[in-house]
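Welcome! Have a go at each task before reading its solution.

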Amino acid sequence: DRLLQKFSLRGLLLNQGTLFVAASVLVIAGIAFLWQNHQSTIVDPVEYELTAEKIEVPPPPRWASTDLRDVIIEGDDSNSILDPSLVSRTAAKIQSVGYVERINQIVKSKSGLKIDVQYRYPVGLIELSKITFRSAWKYGDKVAYWPVDRQGVLMPQSLADLEELPKICMLYPANQLPNQLNDDLATWTDINDERVRDAAAIAQYFVNDAKRIGVDRIVTNRRPMDDDGDEPFELWPSNGGNGTIIVWGNAPGKEAAAEAPLEQKLVALEDFIAKNGSLKHVNGLFEKVGGIRVDIRTGAAIVVPKNKVASSDDATHGELRFE
């Protein structure tokens with residue numbers, strides 16, 4: 001009651017704080033109105049027009065089909081650096097470009113846009129063949145390869161001539177079968193197979209070293225839709241059973257309780273290669289038994305019996321075998 005008795009509408013309206021807030025709101029609203037309606041008379045529109053020369057982006061991949069700067073400018077009548085919505089609209093356009101993995105930063109200044117993005121790049125080739133599709137394959141001995149990036153996103157088949165990349169091999173990978181071998185699947189889409197994503201996460205660490213180390217394939221006998229299966233991923237040499245097969249384990253970040261992390265596995269693999277040569281040759285090590293299997297899941301290279309491989313009593317989902 002005492003507060004209400006002291007309340008005065010006239011006193012509130014004439015209070016210094018109230019007058020200050022009201023004056024500030026009026027000034028800001030006035031500035032916004034003037035800028036919105038008389039922008040062209042305040043500054044030179046040409047000086048602040050966004051052109052390709054005013055956009056700074058990392059060099060695109062050599063196989064990129066479009067220039068990212070053209071994508072940003074194309075189809076936009078309001079390419080002004082002064083436009084408050086420029087950054088958000090630019091981000092939306094970049095996200096629609098298939099070969100862009102993520103946007104790190106977009107900085108706007110009076111000189112233009114400075115954009116930092118992460119491009120997609122192929123890390124492995126999904127093998128589609130009579131080996132990976134068994135009775136479902138209708139192309140005889142022909143083989144098709146589809147590139148994927150490190151997140152398991154399908155990339156254009158035109159990139160599949162990258163012979164340095166390891167092949168990703170498993171039974172019925174997401175049931176993706178092309179109508180014709182020269183047809184693209186749904187590129188720039190996330191393939192619906194956790195095994196492919198896990199294999200791609202491993203393959204990214206061998207993009208530049210696959211040939212030196214001797215990794216030709218990343219193989220698993222894990223069954224389709226069995227995301228929690230205990231079948232390990234393995235690194236296979238190009239000559240199959242006559243080289244060294246590395247038992248890798250699970251994808252980085254998905255290691256089992258007693259499994260070594262990525263860094264320890266890579267060190268163990270490098271130590272083994274330094275002592276014995278690539279997986280394909282192994283300096284004649286155990287050549288009389290036709291190659292060996294080396295388990296690095298514990299962070300140390302341990303030789304295991306060659307015939308101790310994952311098996312299945314299901315004829316449809318048996319082991320992958322390569323000559």
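**Exercise 1.** How many aromatic pairs does the structure hold?

*Solution.* Keep in mind that this is a predicted model. The structure holds seven aromatic pairs. One of them joins W63 and W188, whose ring centres lie 6.4 Å apart with 25° between the planes, so the pair counts as stacked, the cut-off being under 30 degrees. Finally, ring pairs link W63 and W188 with Y99 and Y119 into a cluster.

**Exercise 2.** Work out which kind of pair W137 and Y139 form.

*Solution.* Start with the distance: the ring centres are 5.0 Å apart. Then take the angle: the planes meet at 70°, so this pair is edge-to-face. As for accessibility, W137 is buried at 9%, and Y139 is buried at 18%.

**Exercise 3.** Is I55 buried or exposed?

*Solution.* First locate I55 in strand 1. Its relative accessibility is 5%, so I55 counts as buried. Now look around it: beyond its neighbours within four places in sequence, I55 contacts residues including L50, R69 and L113.

**Exercise 4.** Where do the buried residues of helix 5 lie around its axis?

*Solution.* List them first: L86, T90, A91, K93 and I94. Seen down the axis, they fall within an arc of 165°, so they line one face of helix 5. These buried residues pack against helix 4, strand 2 and strand 3.

Methods: Residues are numbered from 1 along each chain as its sequence is written. This is a predicted model: local features need pLDDT of at least 70, side-chain atom pairs count only at pLDDT 80 or more; totals for chains, interfaces and linings use all residues. Side-chain values use heavy atoms; hydrogens and water are left out. Helices (H or I, at least four residues) and strands (E, at least two) are DSSP runs, numbered from the N terminus. Buried means under 20% relative accessible area, exposed over 50%, partly exposed in between (1.4 Å probe, protein chains only). Contact means heavy atoms within 4.5 Å. The arc is that of the directions from the helix axis to the C-beta atoms. Rings of Phe, Tyr and Trp (its six-membered ring) pair if their centres lie within 6.5 Å; planes under 30 degrees apart count as stacked, over 60 as edge-to-face and the rest as tilted.
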